[in-house]
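I opened my notebook to look up how this chain is put together. Here are my entries, in the order I made them.

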Amino acid sequence: MRLNKFLSNSGLASRRKCDQLIEEGKVFVNGKQVTELGSQINEKKDKVTVEGKTITLPSSFVYIKLNKPKGYACTAQDEKGRKTIYDLIDSEERLFSIGRLDYDTEGLILLTNDGDFANKVAHPKFNIDKEYRVTVEGEIKESEMAVMRKGVVVDGQRMPSAIVNFISYENGNTKLSVIIDEGQNRQIRRMFEAIGKTIKLLKRVRIGQVRLGGLRRGDYKDLTEVELNSLVGKR
């Protein structure tokens with residue numbers, strides 16, 4: 001098995017992050033440092049360690065959807081000492097999130113220890129879209145929504161297009177549905193900053209066909225077989 005696949009399947013991190021750990025010289029196989037991407041191991045016999053910790057494949061896979069509240073970081077250990085999403089989850093398995101939500105964003109996030117599943121969901125070729133509910137101060141013009149649909153320009157670069165639909169205007173705030181399929185860093189927030197609008201609430205409500213539904217803030221539950229199949233097909 002390829003070393004990066006082994007590390008990813010162990011639930012250590014995404015395939016890309018595992019490649020980075022290898023290149024940084026943090027991975028050892030049978031006591032020897034391995035820095036070449038594409039290295040092969042015998043997953044049944046070789047001992048793999050990362051920063052001194054022995055890495056093993058999980059005995060079973062876990063697939064969770066969580067309603068992340070505001071005020072939680074999506075890292076296992078936050079350098080600022082803030083609460084993390086892992087404080088909300090009781091699991092003996094080493095889980096990692098598929099993508100992230102920033103500290104002040106709430107809503108649906110998926111966690112797993114299955115690296116292959118995570119890579120499939122995150123890979124652009126599967127074109128899995130994500131839907132957000134956005135509440136902004138003031139009214140938004142149709143022309144401003146048209147700009148976001150086309151792709152706003154930030155620092156001279158055009159951001160990916162988005163599907164933007166008006167929901168309501170109440171008490172001086174506009175509610176919108178925004179659907180994207182690329183998920184660049186802080187993409188939604190940067191879109192609204194580019195048209196001079198202030199976001200009051202940002203919440204992800206759907207990833208592909210997996211919906212947040214009635215899941216309360218801070219709660220989580222296992223994905224159903226139907227939800228799993230909707231993301232990556234029959235397994």
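**Entry 1: strand S7 and its partners**

How many bridges join S7 to S13, and do they run parallel or antiparallel? I found 2 bridges between S7 and S13, and the two strands run parallel. Before going on, I noted that this is a predicted model, where local features need pLDDT of at least 70 and side-chain atom pairs count only at pLDDT 80 or more, while totals for chains, interfaces and linings use all residues. Residues are numbered from 1 along each chain as its sequence is written, and side-chain values use heavy atoms, with hydrogens and water left out.

I wrote down the terms next. Strands (E, at least two residues) and helices (H or I, at least four) are DSSP runs, numbered from the N terminus. Two strands pair if DSSP finds at least two bridges between them.

Then I picked out a residue pair.

Strands of a sheet pair through backbone hydrogen bonds, either parallel or antiparallel.

Is S7 mostly covered or mostly open? It is mostly covered: 7 of its 7 residues are buried. Buried means under 20% relative accessible area, exposed means over 50%, and partly exposed lies in between (1.4 Å probe, protein chains only).

**Entry 2: helix H6**

I looked up which residues of H6 (residues 225-232) are buried. They are Glu227, Leu228, Asn229, Leu231 and Val232.

What do they pack against? I listed strands S5 (63-68), S7 (106-112), S13 (199-207), S14 (210-211) and S15 (220-222), plus helix H3 (115-122). Contact here means heavy atoms within 4.5 Å. Just after H6 comes Gly233, with a positive phi of about 85°.

**Entry 3: a ring cluster**

I searched for aromatic pairs and found 2 in the structure. Rings of Phe, Tyr and Trp (its six-membered ring) pair if their centres lie within 6.5 Å; planes under 30 degrees apart count as stacked, over 60 as edge-to-face and the rest as tilted.

Phe61 and Tyr63 make a tilted pair, with 6.5 Å from centre to centre and 50° between the planes. Why is the pair of Tyr63 and Phe117 edge-to-face? The planes of these rings stand at 75° and their centres are 4.9 Å apart, so the pair is edge-to-face. This pair links distant parts of the chain: Tyr63 sits in strand S5 and Phe117 in helix H3, 54 residues apart.

Phe61 is partly exposed, at a relative accessible area of 41%. Tyr63 is buried, at 10%. Phe117 is buried as well. Together, ring pairs link Phe61, Tyr63 and Phe117 into a cluster.

I also noted a charge over a ring. Arg82 lies over the face of Tyr103, 4.1 Å from the ring centre. The rule is that NZ of Lys or CZ of Arg is within 6 Å of the ring centre and within 35 degrees of the ring normal.

**Entry 4: an open sheet and a hairpin**

I traced 4 strands in an open sheet, ordered S2-S1-S3-S4, with antiparallel pairing. Its edge strands are S2 (32-33) and S4 (53-55), and each pairs on one side only. Strand S1 (residues 27-29) is joined to S2 by 2 bridges. Phe28 has Gln33 in S2 as its bridge partner.

Next I turned to strand S11 (residues 163-170). S11 and S12 pair in the antiparallel sense over 7 bridges. Tyr169 stands opposite Thr174 in S12. The two strands form a hairpin with 2 residues between them, and Asn171 in the turn has a positive phi of about 50°.

**Entry 5: Arg149**

I found Arg149 in helix H4 (residues 142-150). Arg149 is partly exposed, at 28% relative accessible area. Leaving out residues up to four places away in sequence, Arg149 touches Glu142, Ser161, Ala162, Val164 and Asn165.

**Entry 6: confidence**

I ended with pLDDT, the predictor's confidence in each residue, from 0 to 100. The protein averages 91, and 99% of the residues score at least 70. Confidence is lowest in H3, at a mean of 84, and highest in strand S12 (residues 173-180), at 97.
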